[in-house]
Amino acid sequence: MTAAQTIMTPDQDARAAELRAAARLLEPGVGRRRFLTATGAAAALAFAVNLPAAGTASAAELDARRITENPFTLGVASGDPHPSSVLIWTRLAPRPYEPGGGLPRGRVEVRWEVARDERFRRIERRGSATAHAEFAHSVRAEVKGLGSGRVYYYRFRAGSWTSPVGRTRTAPAAGARPGSLALAAVSCQAYHDGYFTAYRHLAAEDVDAVFHLGDYLYEYAVNATGGARNYTDRRLPAHFNRETVTLEDYRLRYALYKSDPDLSAAHAAHPFIVTWDDHETENNYAGGTPENDVPPEEFLLRRAAAYRAYWENQPLRTPQRPTGPDMRLYRRLTFGRLAQFDILDTRQYRSDQAYGDGWRTPGPESEDPSRTMTGAAQERWLIDGWRASNATWNVVPQQVTFAQRRDVPTDAFKLSMDSWDGYPASRQRVLAGAESAGVENLMVLTGDVHVSYAFDLKKDFDDPASRTIGTEIVTTSIASGKDGSERPANWENQTRANPHLKHYNGRRGYALVTLGAKEARADFRTVAAVTTPGAPVTTAASFTTEAGNPGLTPA
Ligand code: FE
Ligand code: CA
């Protein structure tokens with residue numbers, strides 16, 4: 001098929017943007033390992049013009065009476081709360097495990113309602129949104145005109161079907177000084193490694209928002225019995241039993257994850273503020289460089305498919321809508337004067353991992369000052385945002401371990417080249433930026449490693465007596481790594497090698513973070529097992545850090 005034959009949507013503006021994105025693939029520096037070939041560019045172009053634009057009216061409206069099965073199998077979600085608005089989301093899929101979700105092509109008008117009470121007696125806002133087949137029948141509505149710092153309930157209707165009820169909460173007003181703010185941090189939910197029991201418990205917690213720090217899904221094959229879940233009462237379709245590569249693969253994988261009742265309950269209970277890591281696309285990719293030896297243009301097509309499916313399936317606002325293989329995911333949210341959140345994307349713009357990735361002895365390659373974790377634009381945006389901040393707490397939700405982490409307490413130590421340890425100059429610029437911007441209370445929230453850590457962030461990690469600049473709370477996985485253990489095999493080594501490491505636990509779960517005017521508190525909540533359903537949750541450890549005096553103390 002030639003590019004010309006694939007032009008099919010009437011939205012010329014979005015088409016032009018997609019063509020520009022495809023053209024950008026031709027620029028040097030996008031693929032770091034090879035130059036793009038002419039065939040690669042043609043493939044990228046074909047892909048870009050194949051994607052229909054937002055708001056396309058090319059497909060006919062589907063008669064809602066033709067939806068004869070419940071289309072709300074993937075639940076509801078809300079996200080990115082502002083003081084007077086919140087984003088609500090759902091996706092229609094009567095048969096979520098079938099390509100196309102079991103709906104014919106065509107658009108569906110979906111009505112939504114937002115109320116102050118769970119029974120929808122006091123409806124504050126209502127409207128409608130279009131579910132396009134081209135966007136996997138996902139629905140999003142930016143609900144405006146809401147009161148600040150308030151709980152709201154929302155639901156959708158399509159034809160005669162009504163969605164489950166979601167609960168959300170707007171952010172406090174810009175100048176407000178809320179007494180406290182309760183957050184949860186989660187990451188790494190490999191479906192095939194276990195049940196999302198931690199989410200069931202998180203749904204019952206009283207938090208203002210949940211931060212998802214990446215690895216929302218994994219690209220790896222899921223077998224018929226759901227891997228470690230060991231289903232005996234059902235069989236998953238064979239198309240899940242292969243790695244996700246195409247747009248349809250990623251869409252189906254989101255459907256598998258979103259159909260999980262525990263994940264669904266957590267989304268219905270709290271607004272989510274999401275960012276991705278690697279597995280939403282491919283393990284340990286770096287910018288335009290894939291994990292394995294695949295031509296970069298081929299990888300960028302995969303990245304475009306993964307990013308689009310991410311957009312379709314997450315409660316994100318319009319500025320995050322991707323264009324081809326690009327998506328502006330880093331963004332800022334404020335919760336009155338108590339907290340500013342600078343949500344990072346440390347995947348899309350990073351330099352390739354040094355020394356071929358993995359745990360390596362640091363050296364000139366990893367310490368090259370030109371290496372970047374954020375890209376120059378995001379780094380500038382972060383530090384400029386700190387300069388303008390008037391928040392007590394400056395929180396940075398992001399993906400990979402920020403603090404230095406040696407594997408052994410000897411001079412023969414190695415560092416993880418995929419984490420900030422593989423980009424030390426980039427980390428130093430960020431820390432120096434925080435200091436020069438006058439950030440007093442820096443807190444980094446991290447996922448990725450499938451264990452809980454609590455770190456003091458040091459001005460010089462090699463000198464325990466140097467100033468503590470902030471703290472880092474690393475949340476363990478929801479399920480990745482299966483059951484885990486209280487003390488992983490390297491517990492002794494890592495604890496002795498890193499005096500700024502204050503807590504290390506290898507169980508599954510989530511972290512609760514409460515920000516107050518005088519101190520912040522972190523509670524590490526864990527479950528003993530995920531390969532069997534229903535484990536209770538306990539608090540493994542708690543820490544506080546005082547405002548104006550960074551450093552963790554056991555609570
Ligand atoms: Fe992970
Ligand atoms: Ca990861």
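What arrangement do the 4 donor atoms around the iron ion (ligand 1) make? The angles they subtend run from 85 to 169°, which makes the arrangement irregular.

This is a predicted model, in which local features need pLDDT of at least 70, side-chain atom pairs count only at pLDDT 80 or more, and totals for chains, interfaces and linings use all residues. Residues are numbered from 1 along each chain as its sequence is written, chains are lettered from A and ligands numbered from 1 in the order in which they are written, and side-chain values use heavy atoms, with hydrogens and water left out.

**View 1. The iron ion (ligand 1) and its protein donors.**
Cys-188 (SG), Asp-215 (OD), Tyr-218 (OH) and His-450 (NE2) lie 2.0 to 2.5 Å from the iron ion. Donors are N, O and S atoms within 2.8 Å of the metal, or 3.2 Å for Na, K and Ca; water is not among the atoms, so sites may look incomplete. Four donors count as tetrahedral if all angles lie between 85 and 135 degrees; four count as square planar and six as octahedral if opposite donors are over 155 degrees apart and all others between 65 and 115; anything else is irregular. The spacing of the iron donors in sequence is C-x26-D-x2-Y-x231-H. Tyr-218 sits in the loop between S10 and H4, and His-450 in the loop between S17 and S18, so the pair ties together parts that are 232 residues apart in sequence. Helices (H or I, at least four residues) and strands (E, at least two) are DSSP runs, numbered from the N terminus. Tyr-218 has 3% relative accessibility and counts as buried. His-450, at 22%, counts as partly exposed. Buried means under 20% relative accessible area, exposed over 50%, and partly exposed in between (1.4 Å probe, protein chains only).

**View 2. The calcium ion (ligand 2), coordinated by Asp residues.**
Asp-215 (OD), Asp-277 (OD), Asp-278 (OD) and Asp-448 (OD) coordinate the calcium ion at 2.3 to 2.6 Å. Their spacing in sequence is D-x61-D-D-x169-D. Asp-215 coordinates both the calcium ion and the iron ion, which are 3.8 Å apart. Asp-215 belongs to the loop between strand S10 (209–212) and helix H4 (247–258), and Asp-277 to the loop between strand S11 (272–274) and helix H6 (296–313), so the pair ties together parts that are 62 residues apart in sequence. Both Asp-215 and Asp-277 are buried.

**View 3. The largest nonpolar core, with 51 residues.**
A nonpolar core is a set of buried Ala, Val, Leu, Ile, Met, Phe, Trp, Tyr and Cys residues joined through side-chain atoms within 4.5 Å. Tyr-191, Phe-196, Tyr-199, Tyr-257, Tyr-310 and Met-327 have the most contacts inside the core. Elements that each supply at least two residues include strand S9 (180–186), helix H3 (197–203) and strand S21 (501–516). H6 gives the most, with 7 residues. Contact means heavy atoms within 4.5 Å. A second, separate core of 31 residues includes Leu-382, Ile-383, Trp-420 and Val-444.

**View 4. Helix H8 (residues 424–436) and its packing partners.**
H8 has 13 residues. From first C-alpha to last it reaches 18 Å, close to the 18 Å expected at 1.5 Å a residue. The expected span is 1.5 Å times one less than the number of residues. Buried residues of H8 include Ala-425, Val-430, Leu-431 and Ala-434. The buried residues of H8 pack against helix H7 (376–388) and strands S17 (442–446), S18 (452–458) and S19 (468–474). Just after H8, Gly-438 takes a positive phi of about 75°.

**View 5. Strand S6 (residues 151–158) and its pairing partners.**
S6 is mostly covered, with 6 of its 8 residues buried. Two strands pair if DSSP finds at least two bridges between them. S6 pairs with strand S3 (residues 108–115) in the antiparallel sense over 5 bridges. Here Trp-112 stands opposite Phe-156, and Glu-113 opposite Arg-155. S6 also pairs with strand S8 (residues 166–169), antiparallel, over 4 bridges. Tyr-152 stands opposite Thr-168 in S8. Strand S7 (residues 161–162) runs antiparallel to S6, joined by 2 bridges. The hairpin of S6 and S7 has 2 residues between the strands, and Gly-159 takes a positive phi near 55°.
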